[in-house]
Amino acid sequence: MIRNFIFDWSGTLVDDLPPVIDATNVVLTRFGKAAMDRETFKREFCLPFTVFYERVLPGVPLEELDPVFRSAFSGSSEPATIIPHAKDFLQFCKQRGCRMFVLSSAIEKQLREQAREAGIHDFFEHIYAGVLDKREKIHEILETHGLRPGETAFVGDMEHDIETARSAGVLSVAVLTGYDSREELSAEEPDIMANDLRILRQVMAETAFEPSPKYPIATVGALIFNELNQVLMIRTHKWSNRWGIPGGKIERGETTEEALRREIREETALEIDEIRFVIVQDCIEPAEFYTSAHFLLFNFTAKRVSGVVALNDEAEEFVWIDPQLALAELDLNQPTRTLLTRTLLTLEEA
């Protein structure tokens, strides 16, 4: 159960990239380097920011750089705005009695001003700002406030944030609203990765505030074929952004087929038929799943009979693809790989 949240600031709760780039370019030009555009800055920037400056301005001591950056940032006319869904997520956590903290390298004075302007300053029990290396500071935060690592999540938008969470043994949550790309964050293998805080709220609402169920959860899913004998694959944050099949939990009173039709309709807007059972899989504490879980996966094949794919909030993207290519080229979650392999073997035998 997650009881405590530690948040990064820039790119996670507030978009302050415009004034950061503005101030960084003042520093670069002051010391004889060319200014960076937005894409170049996002590609080059990293944390701890001392590493970034050692790379772009080698030999210039931080004591000379820092006052220039602070003055330029404070005087920048570029806006810093709250990221969509951030305040709703903080309110959501507050309603559930979660303790909340900020751990950021951002300048404290400006951070607090931004927090007050956005109306979110009072959500936080304590704000830790101006931190050079979060990996060191997070241990102090856990100890000072008596936070248990197993009940704590660190939410951030950069590789350094995932490293910070891992160093402290807390849940690592990556959001795609800030500095680092999906590919960069995926490479660090966060426990949870979500497009934004709205999606994270949905994920957290399902399991993170409740103890894990005592017994396995029964689910259904289908490998859906279209008229070209391609299969539908979807990519979802719940399975570490790997590709898989649509499906979900069986509700009380439903048959497996009823549950399958409902889940496919809810997740993809498709109607299916020719439903055939393939395999039931024991899925115990899957490493790819975003949280602790024990599933019984009832897997089927089916044919699309009508509809155009329209994903709900549980998935990021979809593709219709030849099943052999899916097996060879897609980063599949393991249960889907097992189902696809079994299905192709059955088709060959037929």
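Visitor: Where does Thr219 sit?

Guide: Thr219 has its place in strand 9 (residues 217-225). Strands here are DSSP runs of E, at least two residues, and helices are runs of H or I, at least four, both numbered from the N terminus.

Visitor: What kind of model is this, and how are residues numbered?

Guide: The model is predicted: local features need pLDDT of at least 70, side-chain atom pairs count only at pLDDT 80 or more, and totals for chains, interfaces and linings use all residues. Residues count from 1 along each chain as its sequence is written, and side-chain values use heavy atoms, without hydrogens or water.

Visitor: Why is Thr219 called buried?

Guide: Buried means under 20% relative accessible area, exposed means over 50%, and partly exposed lies in between (1.4 Å probe, protein chains only). Thr219 has 8% relative accessibility, so Thr219 counts as buried.

Visitor: Which residues is Thr219 in contact with, leaving aside neighbours within four places in sequence?

Guide: Contact means heavy atoms within 4.5 Å. With those neighbours left aside, Thr219 touches Gly248, Lys249, Ile250, Phe295, Leu296, Leu297 and Phe298.

Visitor: What about Thr12: buried or exposed?

Guide: Thr12 is in the loop between strand 1 and strand 2. Its relative accessibility is 0%, so Thr12 counts as buried. Beyond four places in sequence, its contacts include Ile83, Val155, Asp157 and Leu197.

Visitor: Why is helix 1 called oblique to helix 4?

Guide: Helix 1 (residues 17-30) and helix 4 (residues 62-75) pack at about 135°, with axes 8 Å apart. Axes are lines fitted to C-alpha atoms, for helices over the stretch in contact, and angles run from 0 to 180 degrees between N-to-C directions. Under 35 degrees counts as roughly parallel, over 145 as roughly antiparallel, 65 to 115 as roughly perpendicular, and the rest as oblique. The angle belongs to the rest, so helix 1 is oblique to helix 4.

Visitor: Which residues make that contact?

Guide: Helix 1 contributes Pro19, Val20, Ala23, Thr24, Val26, Val27 and Arg30. Helix 4 contributes Leu65, Val68, Phe69, Ala72 and Phe73. By class, the contact has 10 nonpolar, 1 polar and 1 charged. (Ala, Val, Leu, Ile, Met, Phe, Trp, Tyr, Cys and Pro count as nonpolar, Asp, Glu, Lys and Arg as charged, and the others, Gly among them, as polar.)

Visitor: What makes helix 7 and helix 8 oblique to each other?

Guide: Helix 7 (residues 134-145) and helix 8 (residues 159-168) pack at about 45°, with axes 9 Å apart. Helix 7 and helix 8 are therefore oblique. Lys134, Arg135, Ile138, His139 and Leu142 of helix 7 meet His160, Asp161, Glu163, Thr164, Ser167 and Ala168 of helix 8. This contact divides into 3 nonpolar, 4 polar and 4 charged residues.

Visitor: How many aromatic pairs are there?

Guide: Rings of Phe, Tyr and Trp (its six-membered ring) pair if their centres lie within 6.5 Å; planes under 30 degrees apart are stacked, over 60 edge-to-face, and the rest tilted. By this rule there are 16 aromatic pairs.

Visitor: Why is the pair of Trp9 and Phe124 called edge-to-face?

Guide: The ring centres of Trp9 and Phe124 are 6.3 Å apart and the planes stand at 75°, so the pair is edge-to-face. Both residues are buried.

Visitor: What is the geometry of Phe89 and Phe92?

Guide: The pair is tilted, at 6.1 Å centre to centre and 35° between the planes. Both lie in helix 5 (residues 86-95), 3 residues apart, about one turn of the helix. Ring pairs link Phe5, Phe7, Trp9, Phe89, Phe92 and Phe124 into a cluster.
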